[in-house]
Structure formats: structure tokens, C-alpha cells
Amino acid sequence: MRPAPDGTPEGPPLLLDQHCHGVLRTPTDRAAFEALLTESDAPAAPGTTFFDTQLGFAVRRLCPPLLGLAPHCAPRDYLDRRAELGVREVGERLVRAAGIAEFLVDTGLPGDLTTPAELAALGGGTAREIVRLETLAERLADDAGTAPDAERFLTSVDSAIRTASATAAGFKSIAAYRHGLHLDPAEPTREESLRAATAWLTDRRPGTRVTEHTLLRRLIWSAARTGRPLQLHTGFGDPDLRLRHSDPLLLDDLIRALRPTGCTLVLLHGYPYHRAAGYLAHVHPHVYADVGLSLGHTGARARAVLAETLELTPFGKLLFSTDAYGLPELYVVGAHLFREALAALASDWVASGAWSRPDADRVTQLIGAENARRVYGPYP
Amino acid sequence: MRPAPDGTPEGPPLLLDQHCHGVLRTPTDRAAFEALLTESDAPAAPGTTFFDTQLGFAVRRLCPPLLGLAPHCAPRDYLDRRAELGVREVGERLVRAAGIAEFLVDTGLPGDLTTPAELAALGGGTAREIVRLETLAERLADDAGTAPDAERFLTSVDSAIRTASATAAGFKSIAAYRHGLHLDPAEPTREESLRAATAWLTDRRPGTRVTEHTLLRRLIWSAARTGRPLQLHTGFGDPDLRLRHSDPLLLDDLIRALRPTGCTLVLLHGYPYHRAAGYLAHVHPHVYADVGLSLGHTGARARAVLAETLELTPFGKLLFSTDAYGLPELYVVGAHLFREALAALASDWVASGAWSRPDADRVTQLIGAENARRVYGPYP
Amino acid sequence: MRPAPDGTPEGPPLLLDQHCHGVLRTPTDRAAFEALLTESDAPAAPGTTFFDTQLGFAVRRLCPPLLGLAPHCAPRDYLDRRAELGVREVGERLVRAAGIAEFLVDTGLPGDLTTPAELAALGGGTAREIVRLETLAERLADDAGTAPDAERFLTSVDSAIRTASATAAGFKSIAAYRHGLHLDPAEPTREESLRAATAWLTDRRPGTRVTEHTLLRRLIWSAARTGRPLQLHTGFGDPDLRLRHSDPLLLDDLIRALRPTGCTLVLLHGYPYHRAAGYLAHVHPHVYADVGLSLGHTGARARAVLAETLELTPFGKLLFSTDAYGLPELYVVGAHLFREALAALASDWVASGAWSRPDADRVTQLIGAENARRVYGPYP
């Protein structure tokens, strides 16, 4: 058992991070570092900095000591020390300090990122892949050349999804970003899919995104039919999405329609609709909720946000993740804030008599790793 | 004055539970017991149990001591002891321990449930009926035989509502479950009602539910015209409803339209839209809010949820209820968590100087019983 | 540096209130006083009083000592003392005690209210004007006589907005009240504006409000083109609005469309959508959030509401305001609760190590005054 970085009460000794991304292989300057601290796609407003956020303060609290500096040192000193140590050393120190045993890595993001195996090596754990459906479809369309055939394209997508399901831990859809979650719950017919694929492929330029709702639904249904767990982005994220179209409650009818497939649905993030995500996990047997982005970005408030998530979500249905991307700092922050928040809530509730200590310890293990092990199953 | 079951600071000595249901007259096995701990309509997901929820933990905290066991004992031990004591003994011990003086009982739910009088006898209090409008209409349609006449049906509904208003404490609508709260605010005309009734009654099989919005509105208007209080389900509940269609803000225009009738509207539950319900109670003189389901199901978080409800809801306009149904445990949990949460909030706010102690005591009495006595009036 | 009225931990020594209104010049009886304690447009429900609210309790806590009475004295005693001292003396004592150095005053509300200069004199500070766009348009329409010309009217509106921009601190739109925030994001064409203006002006009676969405958008775009900051009402307010149409997320596309103008947008109030407002301030460089109404009306809960606002809102993008209107008590309550809530949060977060003390002090200054100074700029 390893102690938490700064001696706070330990949560689960080793976590399973059910949703994360690689870290950058190349050095980052201050602008690039700040850009990875925010969901904004623009520089900070004049006179402000993204270091002045709950996430920025959490990074400055937790990461400098891991690089030999005092907590809350100035951003410039931290970035200087980071540059001095180099990407590899910083990555190892930070990812390893997060105490994560298993990483489920969404490989669908662009950038010069570590592979799942490289990430696992940095963190001293193991890794499995989460296949992002939209990226899979876009790569196949890019490969299809200049006169793609819609029928052949759809067949290749289904086939690639089936193949991936043999090794991947699960799938992920970012329909929230591409269209919004107000999706027709019915499975698209073959004709509808062909029509939509033809329209999208005709005169398509490489890299063009899937934003058409029939194709997005087709990807979701195709993945669901494999029986592997399917992660769905819900709640806040970068301004590619409209937050009001990312309310997980918009998925209610699709959730019902997908139930007969036997697919497990994992609602990522949720904030500020995390109570709604908890409700869906409460009433639908195949729906799970996630902590994700919500804890790192709310920093000093992580405990309050986690507490709200724990109102309706059954304790066997909440999954830990960091959603870390690009910066190894985000692993430290996501894992530490989760451990600390859950330990503090459990401690309060045990002290008041609301929970027993054995139950608190058991629930801590469930959320930190065991629920995810049950959902994603053993290595194939 | 009776002490709270486990010696926590007392709230109001005796409560008025303005919205509850009967308890089962027959023994329950583990599956049936668990099913009554959740709003889900399906068994718990594989590897999980509905005991692992805030409500499950609250039941295991508060109820075992009332049956001679240690708090937080294993579910199996609790259920064994429950079976050993028998339904009647368990019902009496638990309902009585809730410290409720008056029960307003919605009698519209199915199952082998205690009548209001039987429930009152268990709890050592008194009971009045809340008439569920949809059940009233469905029973009249069932009784109307094979060739029902729409005009006669509507007349019989109006007449039954008027008759009920002479003795019932109030009415309740579950339009949120049957259609959603996005209802046309206008009172249906006679022609619209006849058309809708004809469509519904033609070839109707016994037990068929009212889901058509014109008929649901007709029931609401008919009840409102009696001047008795009308309870409206809002917020979370079982998966018959779509949570986003249960947002009480969807009622805003109907609330305005109903104001001239003089009818008092009570928005039940509300969660996770309880702040919105508080807003409506704040700006509309004839609107009240309720705590209901929200406290029992959020358990260790009841205090936080009640605090949010107390942001905008005027203190003269919040009503206590348990929404207990089937299990006498739900009376214990609902009443205890309410007393404890309100006492803790009041204590904190008095300690910080935000409230005075006499005000805190007065508000405690208002919410626990006096607001409901003012709204529902004396026994007819 | 001045101490806070009752010796609580100091926040920023002097605040910049970026959104407020004048106080009444004439005495108020109990009914008028209560009406200014609520956003309701109706008297309190029978048997209840608007003093029994978080705002009422906060007024009774903080204001009696400033008039020589005990905290939490009876409303009648407080109102008697108030009448005895007179409007001028009460206004000076209370507004001055709020510790506000600069007032940005929305002058678009009716009533016998102090001017910005008079308010500044009461408070011992300085004042600048915020021009309410709808009031500006309605006054110009009133002045245009019986046969107004739409083209001339639109020109006069643009011209008045340009003129105002030379001296006013900024503009404000209450489109949330007049139509709701579900507005077409596109700038209206000249033809659309002319058509809408003609329809509105034809047979218009003096005092008729602008409620047509094309004209509301035209006012917003015209103000945005001046480059001065534009405040937008969002979230709760009096029942002129529909709360679900005041969700700031409805503004998402309009926010994007306005970005090229260089105009800064300030989302007022936000509650209960304050987390959503924080999200918009997080992802859009030209968007800021405000505390406004949310703290005064939630009283003992101000700290919790401010904490939620501080989850996603970058610390350089949150602005203090009281939204005080009519009663000088609202300045005391708004300023005191803000200082106290922020000091308590900062103190907790410093104690837990989440924030450093120098950062906490810096953020306190930012939110209390410096962010607003940066946004609104120096006096012209």
C-alpha cells in the first residue's frame, strides 16, 4: 500500500482510471500548458490566467512537491522546474504518484500523445484501450479514398467495431460534441444509414468530422451490439459542445431502447447535470455514472460535487476516472482529489453515524476500482 | 414530547406527514424489500444491491435498533429479524417511532396496503385521504362497462371529485408520470374534453391508464375548482416518468392560469429541481413546496438537499412529508432524516448568528406541521 | 481600511458594486417594505410573511444594529425605528455601512429612486451609470409622438446608445424578462429591424414595453457594437420572467455570435443556473459572471451558492454586485453576505491547503473590485 502524495488520508491504495488519455511526449510552453488547464478553446481573457481557477490552484498545490518545490509556488517557477527535469522525468514522477493501477485509455484524441502502453509504463500499471467511435469512422472514411462506397464504408465500420471489441475495454461516443444528446432513440435502418453515409462521404475532405445524427446513432448501436461497455460524454467539455444539449436526461429514451442489447452505458462527467446522471444510474440497471472531469476542474469543491453525485447513484454504479489529457499533472490532481474527497465524505458520514466504517471502506473500494472491474471484466 | 429514536436533537415533537401511502399488509421477501428501496422498476444490476444506496444505508442505520438489533447490521440479519417479528409488530414499532401525528394518505397506489385508518392506528395518529385524480378517473372508467358514454363519464368524474372534496384533505395529480408537465395551461373546453374522453373510452380495456393530456388537464382543473389543495408530482420518481418532463418550471404557465381558482398547489419532491420548486413557491402566492422523496433517498445528504430547498422557499411555504410507501421503514427514515437535517441546519445558522433561536424553533414548527395545518385546514 | 459592520472577518476593504439601483426617496410602510424583500409581485400568502425568508432573516440580523437595535428584533420594532429616524438618516447609515466605494447604477427601473450621484453621496463613494436598453428604447418611443417613423426611431436608438457609451459604464439588457433568452443569435438585418419597429410603434400607447425579439436583439447588437460591457439578466427574478427561459445556456449561440464585436458580456445573477453561468465564463473569453441577487436572497446559504459559482468560473471573471433596489438594507445584506461568504470559503480552503493565503487574498480583491475595474475601465 502506498501513501497519498501529501500524507492525506488514503483512499483506495490503487485506482482503476476508467477514462483517460495519453500525455504529451513533447515539452510544452506556458501557453500550451495553460491551454490544457481549461476547456476553453481561446487564450485567457486579457488580464486573467487559467492558473487562476480551481484546477490551476489544485495543480499548484499538489504537483510542485513532486518536483521538489513548495506547494503553491509561482506558475513560472513550476514551469521552469518542469522544463529543467524534462518531459520523461516529469511524466514518470507525476503519473506514478497518482497511484493508478489500470488505465482505460481513450485513444481518439489528436496530439503527440503517449500510447496506452507508454502511459502504463510511466505510471507503473497496465492499460487497455477505449475506442472512440467517431475517430474510428473518420479514419476509415479517410482511408476509403476519393470515391468511397457507402455500403462498403458501413460494412468496414461494423467490422472494425467488431474487431475492436475483441481486445478493447470498451467504446466511447462523443455524440454530445458532434450533434448533442437529443438523438432519435430508434436504431437507424440500413436505408437511413446508407443515405446518411452517402451524403457524408460525397465530396468529403480528409479529416471531416461525423456530425450527422443518423451516423452517430449508427455508431452507438453498432458498438452496443458487441456487448462491450459504451462510454457516453455528458455534461461540460470544450466549446465544441452546447452544454444544454449535453444533459444526460436527453438520453433517457435512447437508454431504454438500448437496454435489450445488454450493453452497459457509462455516463461520463455529467457536471453540472451530475445529479441527473445519478438518477439515470439509479433507475436503469445498465447505466453507470462517472466522476471524470468534474473533480479536477472543481478543485477545492471536489468533495461537494462528489457528494452530490453520491445522492442517487447506487454505490455499485459509480466509477472513478481522471479524464487526464496531455498533462501528467491531471493524473495527480484527478486521483488525489478523488481519494481525498471520498475519504473526507466517508469520514464525516461515519462520524455522524450515517454510514458504518466497514461499509465506508467497502464503498471506497467499489468506486475506486471494483465497480470498473466488474463492468469492464477481465483482460480478454 | 417523544425523543427521536437515537437521541439526536429533536425537531418538532410530532409531525404532519402531508404526503404518504399505506404499508404492505403482507410479508416481503428480500427481492420485494429491495424493490421498495428504489425508484427503479428492474432488479439491481448484476453484482450490486439496492441496499448499497444512501436510502439503504439510512434504513440500516435507523431501523435495526427499533427491532432490537445493532445499527448497520447485515441486510440478511435485519430481514430475518423482521420476518421473525411479523408484519404487524414491525409496522407498529416502526411507524410509531416516526413520531407522526397526522397522515395525509394518497390512496391511489396499488398493492395490499393499509388503509388510512389502519395506518393511523399503527402510528398512533390520525389520517385523512388525498385522492389521486388519475386513479379516480380510471376506476370510474372501469365501472362504466363496455359501452361507456363520454358525457356521462365526465359528469361522473366531476361529481366524484366534488364529493371527495367534502371529506378528503386534498387531491393529487401524477400528470408528470402520465404525460409530463409540459401541459397546455388553458382549461380544456367541454368539446375538447368530450373528444378526448371518447377517444380514451372507445375500446378501452379495464385498467388502461389516462395518459392523454387533455384528460389530465381536465382532472386538474376539476379538482382546482373545488378549492381543496392540489398536490402535483414533480422531480424524480420511477422510470414511468421522463425526469426532464418533470421539471416543475414546466408548470409555470399552468400555475398562473390556476391562480384565479383559489386552489393551493403543492409541488411534491422536486429533486433535482428542488431549487426551481422553491422559486415557484417564492414568486406565486398559491404555490407551496414539499420535501418528500428527496430526503429519504439522499440519506446522509438530506441536510444538504434540505438546505438548498430552504434557499428561496419562504419558510411559511415548505411542507414536510415522507412519501413512504409499502415499507414502514420509510416512515422512520423520512421523519428522522427530516428532523435531524432541520435541527442541524437551524443549529448551525443560530451558532453563526444568521438566525435567532426563537426564529429557528418557530420555522421548525412551521415546516414540520403548522404550514400543512394552515394549507389543508381543520377536519371537515 | 474599514472593519466590516459587525466585526466579521474582513473581505475586500472597499467593494465595487457592478450592478445596483437607487433607493427610495420616500418612506415605506410595512407592505411596501415586504414587497421589496421578495421577487413575488403579489402579497405574501395568507398566514405568511416575506420576513420569513432567508433575505428577511438576513435583514433582521444585519440592519437593526446599524439603527441602534438588537439583531433579530421583531419586524415591527425595526420598521418603527426606521420611520423614527427618517429616510435620509436610515439611507446614509445603511448604504455607508455596506462599504462600497463605487456603484454602477442601472437607472432603468421606475419609482422615486435616488440618482447615481445621490446614491454615491449616501454611500460615501462614486457612481457611474449602467444604461438599460429597453428603457432607453421605450423612452425614445414615448417621445416620438403619435406618428412615429420606424427609420427615424431606429436611428435615434442607435444614436442614443452611441452617445450613452461615451459616459456610461456599460449597458444592460433584460431580454430575459421581455421574451426569454432563446433568441436568434444572428444580428437582425436593417429590414427585419424596420419591420419589427414599425409593428411595435404603430398604435403604440406610451409606456408600452418592448417584448418583440427582433427589437430586443437589435438593442443588444447596437450596444455590443459600442464596445462597452453589456450586462444580461439571467436566472431568477420577478414573475415577469419564465425561469426556464432565463437559463444562461440559452445564450450560448448569441455569445459566440457577439464575440467578434469585442464586447464583454456579464451574466447577472444566474441562480439556480449559476453553475451554467460559470461554465460560460470558463469557455468564452468575453463572458463574465456575477453574484448579484443570489447571495442576498439565499442569506444563510450565501456561502454555499458562492462556492458553487466558484467551481468553474475563473477567478478573474467573477464580479461582485448587490442588485440592491429600493431598500438601503439590500446594500448592507448584499455586501456583508458577500464579504463573509468569500472570507469563510477562503479561510476553509487555506486551512485545508487547497489554496494559499496570498492567493486567497488576491482572489478576494479580484472578485470584490479589481475584476470589475478591469472590465469597466477607468472613468471616461
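Predicted model: local features only at pLDDT ≥ 70, side-chain atom pairs only at ≥ 80, totals over all residues.
Residues are numbered from 1 along each chain as its sequence is written, chains are lettered from A and ligands numbered from 1 in the order in which they are written, and side-chain values use heavy atoms, with hydrogens and water left out.

Now for the place where the two chains meet. Here 36 residues of chain A are in contact with 33 residues of chain C, contact meaning heavy atoms within 4.5 Å. The copies meet through different surfaces, because only 3% of the interface residues of chain A are also interface residues in chain C. About 2,900 Å² is buried between chain A and chain C, with carbon and sulfur atoms giving 54% of it; this is the accessible area (1.4 Å probe) that the two parts lose on being put together, summed over both. On the chain A side, the most area is lost to chain C by Phe57(A), Arg244(A) and Arg301(A), together 20% of what that side buries.

Six salt bridges are found across the interface of chain A and chain C, each a side-chain nitrogen of Lys or Arg within 4 Å of a carboxyl oxygen of Asp or Glu. In one of them, Arg60(A) pairs with Asp359(C), with 2.9 Å between the closest N and O atoms. Helix 2 (54-62), helix 13 (293-298) and helix 14 (302-312) of chain A each supply at least two residues of the side that touches chain C, helices being DSSP runs (H or I, at least four residues) numbered from the N terminus. Helix 2 of chain A gives the largest share of that side, four residues.

Elsewhere in chain A, Asn371(A) sits in helix 16 (residues 357-376). Asn371(A) has 0% relative accessibility and so counts as buried, the cut-off being under 20% relative accessible area (1.4 Å probe, protein chains only). Its side chain reaches the backbone oxygen of Phe315(A) at 2.9 Å.

Terms used
Buried < 20%, exposed > 50% of the residue type's maximum accessible area, 1.4 Å probe, protein only. Polar contact = N/O pair within 3.5 Å; in protein donor to acceptor, adjacent residues only side chain to side chain.
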